[in-house]
Amino acid sequence: MKNRQNIFNLLLGGLLSVFSSSVFADDMSDNKVFVSSDNPNIVYMGRISRSVPETIRFTYPGVSIYANFEGTSLQMKAKPGSGSFMVEIDDNLPYRINFSEKDSIHTLAEGLPEGTHSARIMYVVEGYEMKPEFKGFYLDNGCSLADAPVLPTRRIEFVGNSMTCGYGVESDNPLEPFSYETENHYYTYAARTARALQAQHLVVARSGIGVYRNFGAPRTGSSDCMPNMYNQVLFSDSTELWDFSNYTPDVVCVNLGTNDTSLDNYDKELLTDAYRKFIKKLRNVYPDAKLVLLSGSMLTGKSLQDVRNAMDKVVVEMNGDGDKEVYRFDMSPQTGSLGMGADYHPSMRQHQKMASELTEYLRKLMNW
């Protein structure tokens, strides 16, 4: 699948004159106009840090950059080693770029017709190791950014683990181990659902994380489980806390539990209590949002039933205490009939199915 996708991207670039190429030194853009990442006409979606001047930092997948620009070309500047992004120029199909340790600038488009164009750029891997930074854009000489894009008014937040990140989605071999090359949040159930519902989406997710116990951790739990990391802007930095007034979701979807029950070494009471405390935490920061506890699609058997039972119990308790805006929804467990991605994670087709199911549910729940 990786090779097919790469060939497709190359063909697309040749047909549309919209392509990505890497540049190793800033002096290659001497004849361009640089627009810093703090320009007010650049719009962001997701948890970002502005603590470093003229630099946008982030670690969670799904963080997106939006801009309208004049001219025939667009280049993007980022910290070398920042990792992978999906790029959409105007109404053309998306393609993937990667900032390796040698890359500081990528050409996102050239040969465009004169006029104003749009760029949508999504970070699609987990960045807590790479610590990505977006620096800004280079435009044609004499050109500038146009008015800032207007994002959808609908807002979803997804809290999750490797499935929400997009672990292995660009692989069709379940025996293949994790690699950033096959991780791609753009193709996940979460990103697909948001696009189908014409909604913004913010992601707080990391592979291996649980609501009380991370993958392979002791039965008693993990100090760096999701509730303990949730307030951070950057997963790898405990010194900067997220301002929840920056993004108020209409609905929050929580998809955890797979890692909590890993290796059949978990405590059902601790699991239930962790869900209970985390949902109350979410309700405290989002008093008006609908909260949906999800299952799917890697859980099966006893683990699936125990996770469902824990979530069901918390929903009944919250509803009984007067909070009627806490809900449950189960996406279909994978059977292998739709293939599997790397390390037995959901395949691209499985993510499509999950997205279809969740989109239909949220459309009815939210009256969207």
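A salt bridge, as I use the term today, is a side-chain nitrogen of Lys or Arg within 4 Å of a carboxyl oxygen of Asp or Glu. Side chains of opposite charge can pair when their charged atoms come close. By that criterion, the side chains of D330 and R308 meet in a salt bridge, at 3.5 Å from N to O.

Before I go on, the conventions. The model is predicted, so local features need pLDDT of at least 70 and side-chain atom pairs count only at pLDDT 80 or more, while totals for chains, interfaces and linings use all residues. Residues are numbered from 1 along each chain as its sequence is written, and side-chain values use heavy atoms, with hydrogens and water left out.

Let me return to the salt bridges. A search of the whole structure finds 15 of them. The pair of D330 and R308 links distant parts of the chain: D330 belongs to strand β18 (residues 326–330) and R308 to helix α6 (residues 301–320), 22 residues apart. Helices (H or I, at least four residues) and strands (E, at least two) are DSSP runs, numbered from the N terminus. D330 also forms a salt bridge with R328, where the closest N and O atoms are 2.8 Å apart.

Is D330 buried or exposed, or something in between? The terms are set by relative accessible area: buried means under 20%, exposed over 50%, and partly exposed in between, with a 1.4 Å probe and protein chains only. D330 has a relative accessible area of 31%, and is therefore partly exposed. R328, at 17% relative accessibility, counts as buried. Elsewhere, salt bridges that share partners join D273, R276, K277 and E317 into one network.

A further pair is R96 and E170, whose closest N and O atoms are 2.7 Å apart in a salt bridge. This pair also links distant parts of the chain, with R96 in strand β8 and E170 in the loop between α2 and α3, 74 residues apart. E170 counts as buried, at 5% relative accessibility.

Strand β8 leads us to the sheet. Two strands pair if DSSP finds at least two bridges between them. On that basis, 5 strands form an open sheet in the order β3-β5-β10-β7-β8, with antiparallel pairing. Its edge strands are β3 (43–45) and β8 (95–99), each of which pairs on one side only. Neighbouring strands of this sheet are turned by 25 degrees against each other on average, direction ignored; the axes are lines fitted to C-alpha atoms, for helices over the stretch in contact, and angles run from 0 to 180 degrees between N-to-C directions. Strand β7 (residues 83–89) pairs with β8 in the antiparallel sense over 5 bridges, and S84 has N98 in β8 as its bridge partner.

I turn now to strand β13. Why may β13 be described as largely enclosed by the rest of the structure? Because 6 of the 6 residues of β13 (residues 200–205) are buried. Both of its faces are covered, with Q200, L202 and V204 buried on one side and H201, V203 and A205 on the other. Strand β12 (residues 155–160) pairs with β13 in the parallel sense over 6 bridges, and G160 stands opposite A205.

Helix α3 (residues 189–196) is mostly covered, since 6 of its 8 residues are buried. Those buried are Y189, A190, A191, R192, T193 and A194. What covers them includes β12, α2 (162–165), β13, β16 (251–255), β17 (290–295) and α7 (348–366), where contact means heavy atoms within 4.5 Å. After α3 comes Q198, whose phi is positive, near 50 degrees.

How many disulfides does a search of the whole structure find? It finds 0, a disulfide being a pair of cysteine sulfur atoms within 2.5 Å. For C165, the nearest cysteine sulfur is that of C253, 15 Å away. C165 counts as buried at 0% relative accessibility, and C253 is buried with a relative accessible area of 0%.

S49 counts as buried, at 0% relative accessibility. The side chains of S49 and S51 are joined by a polar contact of 2.9 Å. A polar contact is a pair of N or O atoms within 3.5 Å; within protein, one must be able to donate a hydrogen and the other to accept it, and residues adjacent in sequence count only if both atoms are side-chain atoms. Leaving aside neighbours within four places in sequence, S49 is in contact with T55, I56, R57, V233, L234 and E240.
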